[in-house]
2 protein chains.
Amino acid sequence: MPSDHPHPAGRCAVCAVRDSALCATFAEPELAALRAIGRRRTLPAGQIVVSAGDPASFCANLVSGVLKVVREEHDGRTQIVGLLFPGDLVGEPFVEEARDTLVALTEIDLCLYPRQPLETLLTHHPAATHLLLRRALATLAEARKWMLMLGRRQAPEKIAAFLLDMERRLEPAAGGGYHLPMGRAAMGEVLGLTIETVSRQLSAMKRAGMIALPSRRHILLLDRPKLAQIAG
Amino acid sequence: MPSDHPHPAGRCAVCAVRDSALCATFAEPELAALRAIGRRRTLPAGQIVVSAGDPASFCANLVSGVLKVVREEHDGRTQIVGLLFPGDLVGEPFVEEARDTLVALTEIDLCLYPRQPLETLLTHHPAATHLLLRRALATLAEARKWMLMLGRRQAPEKIAAFLLDMERRLEPAAGGGYHLPMGRAAMGEVLGLTIETVSRQLSAMKRAGMIALPSRRHILLLDRPKLAQIAG
DNA sequence: CGCTCGATTGACTACCTTCAATGAAAGTGG
DNA sequence: CCACTTTCATTGAAGGTAGTCAATCGAGCG
């Protein structure tokens, strides 16, 4: 693992996720305490951040990059059950053992907090616990939306919904469209499809003029209304 | 709706879910406040408790019975995204609008709390918020397990896992086995399958001697190891 | 007794997966 | 800088699983 470095004083003020992350609930006195236990760290794409079953020794704010939350079957089948974007909380406070594997899809910047001190801090600040509750409920709502998709939609609907969803969540790329933070395999893991089905559906949409694929991971949405209609 | 009645003083002490529900976090002074705003109500099977989109005016503890949490597609396709059992919290505090439809699968007993007073109470009792957070995280973990099932497993695995899961959560019926709180259609909604597929899989398992179906909803598990093996 | 609703079973179809080969892009070493 | 290797994506063909449509069955109820 790359070495980490202490959180530079004042750095929070210029942090990219200062207003959306957990730290937004803290004002100056508590923020100093938070800063004192925080460590910034950069991890390369592909790096496993936590493995399912590991003792969860820390939580973190995701400052930049994208993480996948993966759940595995004993026989090796995997399903991505969540994606984490900048501002999202990485790891679950008050949970002793990691239930899912977290993998960096891109290079990521984390703001790490050892779990014990963080929990102590949270316990004394109801507003923070309250925010965590709201977040957890929002994540649950999203997971349930996802369940509907996995259980009931067919491949074209899944792909169209996914492409539109990613556009909302990712920054636009130079030249329009956006840059997917994952390959076809991970798309399949998200949607409960095989890599071949994903590829075929994308090709079909390209052929139909609904999207363009300038490069493997660069997506251009050409016919948003049509995509929205397919997505349902 | 059937009329409700005020919460009889002292009733909490003999409540079936007194130790597992939200009220377990409250000691006597706060419990009195909770009791003051609580109302008991009984609803018949099939009753819609909340419709998606409704303003969420209350939360409740489920005292007895089973509820389904349903999410709907615009075109009518539905997916059950959660089941609620005695002791579970019904509705989400701090959420203004219901995201899902809640339907009683059996006759249910609720202990209703108007949302506003409940939230006020919660805000002043960090321990309760903390419990809610833990619950929400547990529910999220369960939803994710469910996602893995919906996305990756095939019909026999889904059915076997479901039958074993229900056995864990329901009380044993007289004469062994248990009584399913739902019909084939709802099983399909839980597992992302059609009613016909559910029926066929159950018939196949019956033919294989793994289960017995003395009546429509009465399930007997005859070969648990085999079922567990199929469930994966 | 007949009606209604839910469950079962069958026949057929469609969709997605699996297996396999080809193609393209990125990384490595000469 | 180019050949080689590796990885990822695409495409094709075949097969299987679950969905759809439709008929039958059976239990519960008026």
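Entry 1: I began with B:Glu196, where an N or O atom of the side chain lies 3.0 Å from a base nitrogen of DNA strand D. I then looked up B:Arg216, and its side chain likewise has an N or O atom 3.0 Å from a base nitrogen of DNA strand D.

**Entry 2: conventions.** I am working with a predicted model, in which local features need pLDDT of at least 70 and side-chain atom pairs count only at pLDDT 80 or more, while totals for chains, interfaces and linings use all residues. Residues are numbered from 1 along each chain as its sequence is written, chains are lettered from A and ligands numbered from 1 in the order in which they are written, and side-chain values use heavy atoms, with hydrogens and water left out.

**Entry 3: the surface near DNA strand D.** I found 19 residues around DNA strand D, the closest being A:Arg184, A:Ser203, B:Ala155, B:Thr197 and B:Arg200; a residue is near the strand if one of its heavy atoms lies within 4 Å of it. These residues divide into 4 nonpolar, 8 polar and 7 charged, where Ala, Val, Leu, Ile, Met, Phe, Trp, Tyr, Cys and Pro count as nonpolar, Asp, Glu, Lys and Arg as charged, and the others, Gly among them, as polar. At least two residues of this surface come from each of helices H5 (184-191) and H6 (195-207) of chain A and helices H4 (155-169) and H6 (195-207) of chain B; helices are DSSP runs (H or I, at least four residues), numbered from the N terminus.

**Entry 4: how chains A and B meet.** I looked up the contacts (heavy atoms within 4.5 Å), and 44 residues of chain B touch 44 residues of chain A. B:Arg144, B:Met147 and B:Arg152 supply 19% of the area that chain B buries against chain A, more than any other three residues; buried area is the accessible area (1.4 Å probe) that two parts lose on being put together, summed over both. I also noted that 100% of the interface residues of chain B are interface residues in chain A too, so the copies meet through the same surface.

**Entry 5: symmetry.** Chain B superposes on chain A by a rotation of 180° with 0.0 Å of shift along the axis, at RMSD 0.0 Å, which is the relation of a two-fold axis.

Methods: Copies are superposed by least squares on the C-alpha atoms of residues with pLDDT of at least 70 in both. A polar contact is a pair of N or O atoms within 3.5 Å; within protein, one must be able to donate a hydrogen and the other to accept it, and residues adjacent in sequence count only if both atoms are side-chain atoms.
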